[in-house]
Amino acid sequence: MSDRFALVPASYVYLLRDGTDGTEVLLQRRGPVPYMPDHWAAAAAGHVEPGETAYDAARREAVEELGITDVALEFAFSMQRSQFGPAIEERVDWFFTARSWTGEPRILEPEKAAELGWFPLDALPEPMVPHEAHALAHLLSGVGYLTFGWDARPSGGGRPTATATGS
C-alpha cells in the first residue's frame with residue numbers, strides 16, 4: 001500500500017486596477033498568523049470548503065475578508081504545489097482576477113491582515129509569500145497551469161506551452 005496525501009484546495013482573488021505605472025494589484029500584509037506573518041499576499045484568499053467550488057470560495061473570501069460583492073471573477077490559472085516532504089498534503093490553488101466589484105475593499109479580519117495596499121505588478125512589496133510572488137510574475141501571461149516546489153516540470157503530459165514551473 002502506498003502512502004496517500006491529502007489534497008488541500010484554495011482560491012485566491014487578485015483585484016486589479018489601472019494605475020499611473022500600469023496594472024496594480026491589491027495585496028494584504030499578513031498579520032500575526034502562523035503561516036508567513038508580515039508577508040504580502042492576495043487581499044482575499046482561503047481554502048475551498050466541502051461542497052464549494054473554487055469560484056464560490058473566491059466570492060466568499062472576497063466578502064469575508066474585504067467586504068466586497070458582485071466580484072467579476074476571471075479565471076487566471078491553477079497552481080500545483082509540493083514541498084516533497086512526508087506524504088501528508090499537496091496543494092492545488094485556483095487564481096482569479098477581478099477588475100470590477102461592488103464596495104470599497106477594507107480589512108474585515110484585523111487579526112489576520114495588518115494592511116492593504118495597491119502595488120504595480122512590476123514593483124511588488126517585500127517580503128512576498130513565495131508561491132504568490134511566482135503566481136503574480138505569471139498573472140497576465142496567459143499560462144493556464146503553474147507548478148511550485150519542483151525543480152523541473154513534472155512528467156505526466158499536458159501542453160508544454162501551458163506550463164510554467166517554479167521552486
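This is a predicted model: local features need pLDDT of at least 70, side-chain atom pairs count only at pLDDT 80 or more; totals for chains, interfaces and linings use all residues.
Me: What makes Arg29 and Glu115 a salt bridge?
Reply: Their closest N and O atoms are 3.0 Å apart. The cut-off is within 4 Å, so the pair qualifies. Arg29 sits in strand 2 (residues 22–30) and Glu115 in strand 7 (residues 113–120), 86 residues apart.

Me: Why is Arg29 called partly exposed?
Reply: Its relative accessibility is 23%. Buried means under 20% and exposed over 50%, so a value in between is partly exposed. Glu115, at 33%, is partly exposed too.

Me: What makes Glu49 and Arg60 a salt bridge?
Reply: The N to O distance is 3.6 Å. The limit is 4 Å, so the contact counts. Glu49 lies in the loop between strand 4 (44–47) and helix 1 (54–66), while Arg60 is in helix 1, 11 residues apart.

Me: Why is Arg60 called buried?
Reply: Arg60 has a relative accessible area of 16%. Buried means under 20%, so the label holds. Glu49, at 41%, counts as partly exposed.

Me: How do you know that Arg59 and Asp56 are about one helical turn apart?
Reply: They are 3 residues apart in helix 1, which means a separation of about one helical turn. Arg59 is partly exposed at 39%, and Asp56 is partly exposed at 37%.

Me: Why is the pair of Tyr14 and Phe95 called stacked?
Reply: The angle between the planes is 15°, and the centres are 6.0 Å apart. Tyr14 lies in strand 1 (residues 6–19) and Phe95 in strand 6 (residues 89–98), so the pair ties together parts 81 residues apart in sequence. Tyr14 is buried at 0%, and Phe95 is buried at 0%.

Me: What makes Phe75 and Phe96 an edge-to-face pair?
Reply: Their planes are 70° apart, with 5.9 Å centre to centre. Phe75 is in strand 5 (residues 73–81) and Phe96 in strand 6, 21 residues apart. Phe75 is partly exposed at 39%, whereas Phe96 is buried at 1%.

Me: Which residues form one aromatic cluster?
Reply: Tyr12, Tyr14, Phe77 and Phe95. The model's count comes to 7 aromatic pairs.

Conventions:
Residues are numbered from 1 along each chain as its sequence is written. Side-chain values use heavy atoms; hydrogens and water are left out. A salt bridge is a side-chain nitrogen of Lys or Arg within 4 Å of a carboxyl oxygen of Asp or Glu. Helices (H or I, at least four residues) and strands (E, at least two) are DSSP runs, numbered from the N terminus. Buried means under 20% relative accessible area, exposed over 50%, partly exposed in between (1.4 Å probe, protein chains only). Rings of Phe, Tyr and Trp (its six-membered ring) pair if their centres lie within 6.5 Å; planes under 30 degrees apart count as stacked, over 60 as edge-to-face and the rest as tilted.
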